[in-house]
Amino acid sequence: RILVLLAVVSFVACENQPYEPAEHAEAAFAKGGKPGKPDGGGEDPGPPEVTILFDHYPGQNLSYSIHGMDRSGSYSLLLDPADETDISSIAPRWAPDGVHFVYERGIDATGTREVVIGNVDGTITPIFAGGWGLKPDWSPAPLADGHERIAFLQAKDVYVMKLDGSEIYRLTTGLEVEQLIWSRDGSQILGAVRDSHLEPDGSHLELFDVTCDDSTTLPACRVTGSTPLDLSASGISQYDFFGSLDWAHESDRVLVQYVEAGFGLRELGILDLGGAPTFTFLTDNPGGQAYNGAWSWDDSEVVYVKWPIGKRSGAGIMIRDVLTGDETQIFDGDASFGMDWSPIAPATSVP
């Protein structure tokens, strides 16, 4: 089996440790102190479940780090110690087990970036080192050969690798892919592709059919077909831009960040791939920003970042009911690059 590596970008070697699922240890509180016993005595219920991952800038000249919190936002903890001045960690994405996750971590002074596997117990394992803009995503299901894969970007092309950082395969060549997301069955990758040849430039969404098998004559992981999506019937211009993506759990709907050409204001919309692709807006925040959304485990809610009208600081993390549009702010602070909601149904009820 031939290992396909990037020819134009040199990868920085890192000492890889094979991914091994760790036992779920009790996490320490990052704020709010240790929980006491419920009123009336009884056993300590322990900390709430971590269901939402996000990257957060704490201020004071520090860098982004990965945090987790429960659905209410009343409990949060630090999951990556990258709270120093020259280290930043961004764009976490859950593994299908709801315990592990993958994200991008780097030394800002050198530009070195790593793909890192994290665990809600605080364990972190770097598995790959390369350049800026990795934005990894963990396949929600095994591919055709039975292995889960992590997709990531390098020099704006799409790559996949096994969970220990081995068997790296390049899937695209010469495309300016800026975001990617696996389909829920692991058979496709949806990419936001920049169209810099346009004047002014724009972007489009493109579906890549991906397979990994035991081929001896072809790369084991490869793209077998691709489909650029035409959204002009939904009023989308070729000069508009698309950002962060999240595929729904029980349908072919994708939560998409949208930027109208010339305005730079971000909104969230839903791309429906159940038939001819259509796009409808989910948010309407004129003068503000709505971005970096993720579906809840049952697709009834989304979590996202919102800047209010006319306000350029103090962003908040919001929960939005998809059907009613009702919103609740659960975190008061910036989460700039990415967030994700656990694919596992919570063991306890939520408010």
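Predicted model: local features only at pLDDT ≥ 70, side-chain atom pairs only at ≥ 80, totals over all residues.
1. Confidence. Within the protein, strand E8 (residues 137–138) has the highest confidence, at 98, and strand E3 (residues 76–78) the lowest, at a mean of 88. Over residues 1–42 the pLDDT is below 50, and beyond near neighbours in sequence this stretch has 80 contacts in the model; contact means heavy atoms within 4.5 Å. The protein averages a pLDDT of 83, with 82% of the residues scoring at least 70. Residues are numbered from 1 along each chain as its sequence is written, and side-chain values use heavy atoms, with hydrogens and water left out.

2. Overall architecture. The protein has 24 strands and zero helices; these are DSSP runs numbered from the N terminus, with helices (H or I) of at least four residues and strands (E) of at least two. Of its 351 residues, 49% count as buried, that is, under 20% relative accessible area with a 1.4 Å probe, protein chains only. Among contacts between residues at least 6 apart in sequence, 45% join residues at least 24 apart.

3. Surface. The protein exposes about 15600 Å², of which carbon and sulfur atoms supply 51%; the areas come from the Shrake-Rupley method with a 1.4 Å probe.

4. The largest pocket. Its volume is about 510 Å³. A pocket is an open set of points on a 1 Å grid over the protein atoms alone where a 1.4 Å probe fits, with protein on both sides within 12 Å along at least five of seven lines; lining residues have an atom within 4 Å of a point. Grid points are joined across faces, edges and corners, and the volume is the space filled by probe spheres set on the points.

5. Pocket lining. Lys135, Gln179, Ser244, Asn292 and Phe337 are the closest to the centre of the largest pocket, among 28 lining residues. Strands E4 (87–94), E12 (176–182), E16 (241–247), E17 (253–259) and E20 (289–295) each supply at least two lining residues, and E16 gives the largest share, five residues.

6. Methionine 339. This residue is found in strand E24 (residues 339–341). Methionine 339 counts as buried because its relative accessibility is 3%. The C-alpha atoms of methionine 339 and valine 303, 36 residues apart along the chain, are separated by 8.1 Å.

Technical notes. Buried < 20%, exposed > 50% of the residue type's maximum accessible area, 1.4 Å probe, protein only. pLDDT = per-residue confidence, 0-100.
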